[in-house]
Amino acid sequence: MNKREEIAAARQKPWPSVNAKVEPLVKALIAEADALRIDVTQGTLGECRIDCGVRAVGGLEAGRRIAEICLGGLGRVALETTDPDTSWPFMVTVHTAQPVLACLGSQYAGWSLSGEDNGKKYSVLGSGPARAIGSSEKLFDELGYRDHAESAVLVLEADRPPPPALVEQVAKACKLAPERLTFIYAPTSSLAGTVQIAARCLEVALHKAHELHFPLGHIVDGIATAPLPPPAPDFIAAMGRTNDAIIYGGRAQLFVSSGAKEAKDLAES
């Protein structure tokens with residue numbers, strides 16, 4: 001069996017449960033809540049709510065850990081330094097040996113959710129492992145993957161905790177009791193939110209490859225880095241800074257099992 005055949009054979013093995021993989025990461029987040037300056041509470045329906053930047057202060061380490069949870073426990077996120085003479089001496093670096101599942105099957109913010117919160121509309125994009133259980137995105141049909149874990153974790157880019165109507169919506173979609181759900185949330189303008197969004201630099205590369213119809217099965221590894229921008233109190237400015245960090249300052253490398261021509265075409269596209 002040659003190397004390509006070995007890779008193809010390995011690809012036939014069932015993908016792991018992303019929700020099961022993050023269980024120890026979520027438990028550690030809760031256990032170290034005081035040190036991380038995050039707040040853990042129970043919602044009215046019994047769901048676990050982890051505030052990482054709304055009322056809680058949160059911080060860079062909380063954001064780094066959220067990013068690893070978003071990756072389904074299949075990736076590593078590091079805060080690193082570069083040349084101190086550069087304009088952006090601090091970077092967020094992401095690596096995963098399961099880039100398709102970690103980035104597209106978990107981290108991608110593809111679950112559009114909405115509900116009522118005391119008469120006000122609450123709309124948010126959900127990311128993280130719970131998507132693989134309850135989201136109706138067509139992407140999961142393309143991936144041929146669904147998770148069937150007995151608990152689920154959803155990450156929200158939000159400045160308010162999820163209201164009961166949204167919790168019920170997620171619970172129904174996942175076919176789980178609300179007490180089996182964990183919601184981790186932080187606004188883009190927070191320190192934690194800034195880190196976890198900048199840590200989507202590899203996911204953006206996977207999303208582009210998918211949009212270019214590159215065979216996802218040929219993507220076998222990936223690493224990416226992006227500058228760590230300063231947070232901004234205004235949501236639009238904060239989103240602009242994190243997006244600019246990825247689009248203009250991000251660098252990604254995908255390792256593929258296809259031929260050299262296909263790899264070259266992908267890089268140039």
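Reader: How many of the eight residues of helix H9 (residues 191-198) are buried?
Author: The model is a predicted one, in which local features need pLDDT of at least 70, side-chain atom pairs count only at pLDDT 80 or more, and totals for chains, interfaces and linings use all residues. Helix H9 is largely enclosed by the rest of the structure, because the number of its eight residues that are buried (under 20% relative accessible area) is seven.

Reader: Which residues of H9 are the buried ones?
Author: The helix is a DSSP run (H or I, at least four residues, as against E and at least two for a strand, both numbered from the N terminus). Within H9, the buried residues are Ala 192, Gly 193, Thr 194, Val 195, Gln 196, Ile 197 and Ala 198.

Reader: Are the axes of helix H5 (residues 99-107) and H10 roughly parallel or roughly perpendicular?
Author: Two packed helices are described by the angle between their axes and the distance between the axes. Here the axes, which are lines fitted to C-alpha atoms over the stretch in contact, with angles from 0 to 180 degrees between N-to-C directions, come within 9 Å and cross at roughly 95°. Under 35 degrees would count as roughly parallel, over 145 as roughly antiparallel, 65 to 115 as roughly perpendicular and the rest as oblique. The description of H5 and H10 is therefore roughly perpendicular.

Reader: Which residues of H10 make the contact with H5?
Author: Contact means heavy atoms within 4.5 Å, and on the H5 side the residues involved are Pro 99, Val 100, Cys 103, Leu 104 and Gln 107.

Reader: What is the separation between the C-alpha atoms of Thr 96 and Gly 222?
Author: Thr 96 is found in strand E4 (residues 90-96), and at 1% relative accessibility it counts as buried. If residues up to four places away in sequence are not counted, Thr 96 touches Leu 74, Gly 75, Ala 102, Cys 103, Leu 202, Asp 221 and Gly 222. Although Thr 96 and Gly 222 are 126 residues apart along the chain, their C-alpha atoms are separated by 5.9 Å.

Reader: Is Arg 37 buried or partly exposed, and what is its relative accessible area?
Author: Arg 37 is found in the loop between helix H3 (33-36) and strand E1 (39-42), and has a positive phi of about 60° although it is not a glycine. Partly exposed lies in between buried and exposed, where exposed means over 50% (1.4 Å probe, protein chains only). Arg 37 is partly exposed, with a relative accessible area of 47%.

Reader: Is Asn 118 buried or exposed?
Author: Asn 118, which is not a glycine, has a positive phi of about 55° and is found in the loop between strand E5 (111-117) and E6. With a relative accessible area of 79%, Asn 118 is exposed.

Terms used
Residues numbered from 1 in each chain as written. Heavy atoms only, no water.
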